[in-house]
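Visitor: Please take me through one part of this structure up close. I would like to look at its salt bridges.

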Amino acid sequence: MKKKADPLKFSRGLIPAVIVDHRKKDVLMVAYMSPASLQKTLQTGETHFWSRSRKKLWRKGETSGHVQRVKAIYTDCDQDTLLIEVEQVGVACHTGSRSCFFEKITPNGAKPTAPSKPDLPVFEALYQTISDRKRRPSPKSYTTTLFEGGIDRILKKVGEEAGEFMISAKNRDKKAVVHETADLLYHLWVALNHHQIPLKAIEAELRRRSSQSGLAEKKSRTQVRKKP
């Protein structure tokens, strides 16, 4: 007969939760959960915590889009600490670091080390953040306003950003070109999300094109367009 699990031990209504990457098993952050936030986490499959400073329940990634999808929840032998394995979208730390733990304590005091970078390439991390915002709209999110405006609003912004990119390139303003390229790519990613086209599809098409010379590839596309 299986032993019934002991009840969790909340101290002043809270229990610490250690959040780890479900693949690498490294620690991403530590936060506190109330019974209500734990229940919300179990119900939604995404981490929810209790803010001791704001005195309110909050969902990780509710404004940034950097949500944590729960893979497993464990408790320690004393039932007073949780360990939660997650799939991290984007980064865990508000500083932009993948993990909140990047300051090493030495006999001379704490010394910051280089913040850890997210596992995902920046393009894929951005795409996932946009995808999450589509699934979970937020009134404070610019991305949400684009999706709510539909494809016409999204394409209008793509056109505007493309025009600004061309002006910057024509003016040979390298700094502006970099800025406008980032804006254009972001809005293209939103358009791809709208049509549910994954980045892998674009990568596959680029790999296909790289397998033949540029002129031959362009000629093949022209022939396809001419077919009745």
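Guide: In this predicted model, a search of the whole structure turns up 12 salt bridges. Side chains of opposite charge can pair when their charged atoms come close.

Start with E46. Its side chain meets that of R59 in a salt bridge, 3.2 Å from N to O. E46 sits in the loop between α1 (35–44) and β3, while R59 is in strand β4, so the pair ties together parts 13 residues apart in sequence. Both E46 and R59 are buried. For E46, the relative accessibility is 7%. Buried means under 20%, so E46 counts as buried.

E46 has another partner. The side chains of E46 and R136 meet in a salt bridge at 2.9 Å, N to O. This pair links distant parts of the chain: R136 is in the loop between α2 (122–135) and α3, and the two residues are 90 apart. R136 is partly exposed, with a relative accessible area of 27%.

Now look at the strands around R59. Strand β3 (residues 48–51) and strand β4 (residues 56–59) run antiparallel, joined by four bridges. F49 stands opposite W58 in β4. The two strands form a hairpin with four residues between them. In the turn, K55 has a positive phi of about 55°.

Two more places are worth a stop. R69 and E87 meet through their side chains in a salt bridge of 3.5 Å, N to O. R69 is in strand β5 (residues 68–75) and E87 in strand β6, 18 residues apart. Finally, D21, D26 and R98 are linked in a network of salt bridges.

Key. Residues numbered from 1 in each chain as written. Predicted model: local features only at pLDDT ≥ 70, side-chain atom pairs only at ≥ 80, totals over all residues. Heavy atoms only, no water. Pairing = 2+ DSSP bridges. Salt bridge = Lys/Arg side-chain N within 4 Å of Asp/Glu carboxyl O. Buried < 20%, exposed > 50% of the residue type's maximum accessible area, 1.4 Å probe, protein only.
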